[in-house]
Amino acid sequence: MPPVITSIADLKALHRRRTPRMFYDYCDSGSWTEQTYRENTTDFEKLRFRQRVAVDMSGRSLASTMLGRPVAMPVALAPIGSLGMQSADGEIKAARAAARFGVPFTLSTMSICSIEDVAEAVPEAPFWFQLYVMQDEEFVDRIIERARAARCSALVLTLDLQILGQRHKDLKNGLSAPPKITARNAWDFARRWRWSMEMARTRRRTFRNIVGHAKDVGDLRSLMSWTNEQFDPRLDWGKVARIRDRWGGPFVLKGILDPEDARLAVEAGADAIVVSNHGGRQLDGALSSIRMLPSIVRAVKGRTEIWLDSGIRSGQDVLKALALGADATMIGRAYVHGLGAMGEAGVTRALEVIAREMDVTMALIGRRRVAEVGRDVLLVPRDFEGEWAENA
Ligand SMILES: Cc1cc2nc3c(=O)[nH]c(=O)nc-3n(C[C@H](O)[C@H](O)[C@H](O)COP(=O)(O)O)c2cc1C
């Protein structure tokens, strides 16, 4: 009997069973002590809804816009490196599920399927491209051109990963793409026979945006060594402006967690910012995105679109972010669990779960449109922003 999936937690459990440990752990981990990773989700739990009754709840809609374009709900798929290792051709599967559902998909620089692979396989909807800035400017300029040629409709520049946060599990598991099969992990791969068979059938098993496109990179083994060698530690606001001008289209800055950086991002011409701590994978000890959101909203609301990611595991979390002032959200692990559990159908299932949770919650808090979801739908603990807000 096929498993009955009613929540993102169900997809997570199935992901864990069906995907080799190295790749499941890569998804389900944060840096160092994982404090920020944990608080990203537990801080959402501190926010509570006000139950409202006898409000006409008919004709509800989740429809919204992101970057001025209509979306079925204000939830985009965040860029995820190595998606094609969670499930064969994972980027294509996720892009297709997003296109069919009517939400944007963001392709990572560190994807397995290339920009061209996704554009060819999913011609029906433009996707967004996420850029990491490399030291090799020629490579950066060329990949921007490739994104333009593939009709990507926005560039998402990630600012919070010029050096890689340490995740203990990845080092211990010897994470790489393609994976190295060793005496220690051979049984783990053999048990995941469905994953292994699908992976054997695809030719897309390494970072195809990079291999064959970057100088002297013919065979890229490790995400970690590539990041440490190639990511540009001199990235600053001047370089951000250069990339904005080079791209010339809708421009999103991702990884903003401080009101001062939010102001600088607006000055740099961001059409949207993503309030994000990279899902707790970079600066351990940073505050959760949802806790930092109100101070960022106070700093830049109305001057750029404000999106939030990190910790969203349900439609209720999406509504909490909107209530605290976000215009939209991105999800990471919530859909990666779907992909690792059931491929394209699992990504669709994750989106359906979130949409359903949003819809039912909106009915029970007495709101029919996402634009009507304001702070007054929540009960916010007095100390939610904490003493930290004073510094911001
Ligand atoms: C496995 C994994 C890989 C990621 N790879 C990238 C990436 O290549 N580029 C990027 O900008 N963010 C990357 N992120 C961060 C996500 O885009 C997003 O900010 C984060 O997943 C949001 O947190 P959530 O997973 O709790 O929803 C990655 C996150 C995960 C979990």
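1. A residue is buried if 20 or more other C-beta atoms lie within 10 Å of its own, exposed if 12 or fewer, and partly exposed in between. Thr109 has 22 C-beta neighbours inside 10 Å, so Thr109 counts as buried. The model discussed in this note is predicted.

2. Thr109 belongs to the loop between strand S5 (106-107) and helix H6 (115-121). If residues up to four places away in sequence are not counted, Thr109 touches Gln130, Leu131, Tyr132 and Asn209. Arg184 is 75 residues from Thr109 along the chain, and the C-alpha atoms of the two are separated by 30 Å.

3. Next, helix H1. Which residues of helix H1 (residues 8-18) are buried? They are Ile8, Leu11, Lys12, His15 and Arg18. These residues cover an arc of only 140° around the axis, so they sit on the same side of H1. The cover over the buried residues of H1 includes helix H2 (21-27), helix H10 (193-201) and H16.

4. Asp10 also lies in helix H1. Asp10 has 17 other C-beta atoms within 10 Å and is therefore partly exposed. Between the C-alpha atoms of Asp10 and Pro104 there are 24 Å, and the two residues are 94 apart along the chain.

5. The packing of H1 on H16 can be described in some detail. Their axes are 10 Å apart and the angle is about 165°. H1 and H16 are therefore roughly antiparallel to each other, because an angle over 145 degrees counts as roughly antiparallel. The crossing of H1 and H16 is right-handed. On the H1 side, the contact is made by Ile8, Leu11, Lys12, Leu14, His15 and Arg18. On the H16 side, the residues are Ala334, His337, Gly338, Gly340, Ala341, Met342, Gly346, Arg349, Ala350 and Val353. By type, the residues of the contact of H1 with H16 are eight nonpolar, five polar and three charged.

6. H16 (residues 333-365) also packs with helix H5 (residues 90-101): the axes come within 8 Å and cross at roughly 15°. H5 and H16 are therefore roughly parallel to each other, because angles under 35 degrees count that way. The crossing of H5 and H16 is left-handed. H5 contributes Gly90, Lys93, Ala94, Arg96, Ala97, Arg100 and Phe101. These meet Tyr335, Leu339, Gly343, Glu344, Val347, Thr348 and Leu351 in H16. Of the residues in the contact of H5 with H16, seven are nonpolar, three polar and four charged.

7. How does helix H13 (residues 259-267) pack with H14, and at what angle? The angle is about 40°, with the axes 8 Å apart. That makes H13 oblique to H14. H13 passes H14 in a right-handed crossing. Pro259, Ala262, Arg263 and Val266 of H13 make the contact with Ser295, Ile296, Ala299 and Val300 of H14. The residues of the contact of H13 with H14 divide into six nonpolar, one polar and one charged.

8. Some backbone angles deserve a check. Most residues other than glycine have a negative phi, and most peptide bonds are trans. The peptide bond from Ala177 to Pro178 is cis, and its omega is near 0°. Pro178 is found in the loop between helix H8 (168-173) and helix H9 (186-191).

9. Ile181 lies in the loop between H8 and H9 as well. Ile181 has 13 other C-beta atoms within 10 Å, so Ile181 is partly exposed. Apart from neighbours within four places in sequence, Ile181 is in contact with Ala186 and Phe189.

10. His278 is not a glycine, and its phi is positive, near 60°. His278 is placed in the loop between strand S9 (272-275) and helix H14 (289-300). Is His278 buried or exposed? With 27 C-beta neighbours inside 10 Å, His278 counts as buried.

11. Ser310 has a positive phi too, about 95°, although Ser310 is not a glycine. Its place is the loop between strand S10 (305-308) and helix H15 (315-323). Ser310 counts as buried because it has 34 C-beta neighbours inside 10 Å.

Definitions and conventions: Residues are numbered from 1 along each chain as its sequence is written. This is a predicted model: local features need pLDDT of at least 70, side-chain atom pairs count only at pLDDT 80 or more; totals for chains, interfaces and linings use all residues. Axes are lines fitted to C-alpha atoms, for helices over the stretch in contact, and angles run from 0 to 180 degrees between N-to-C directions. Helices (H or I, at least four residues) and strands (E, at least two) are DSSP runs, numbered from the N terminus. Angles under 35 degrees count as roughly parallel, over 145 as roughly antiparallel, 65 to 115 as roughly perpendicular and the rest as oblique. A crossing is left-handed if the near helix is turned anticlockwise from the far one by less than a right angle, and right-handed if clockwise. Two residues are in contact if their C-beta atoms, placed from the backbone, lie within 7 Å. Ala, Val, Leu, Ile, Met, Phe, Trp, Tyr, Cys and Pro count as nonpolar, Asp, Glu, Lys and Arg as charged, and the others, Gly among them, as polar. The arc is that of the directions from the helix axis to the C-beta atoms.
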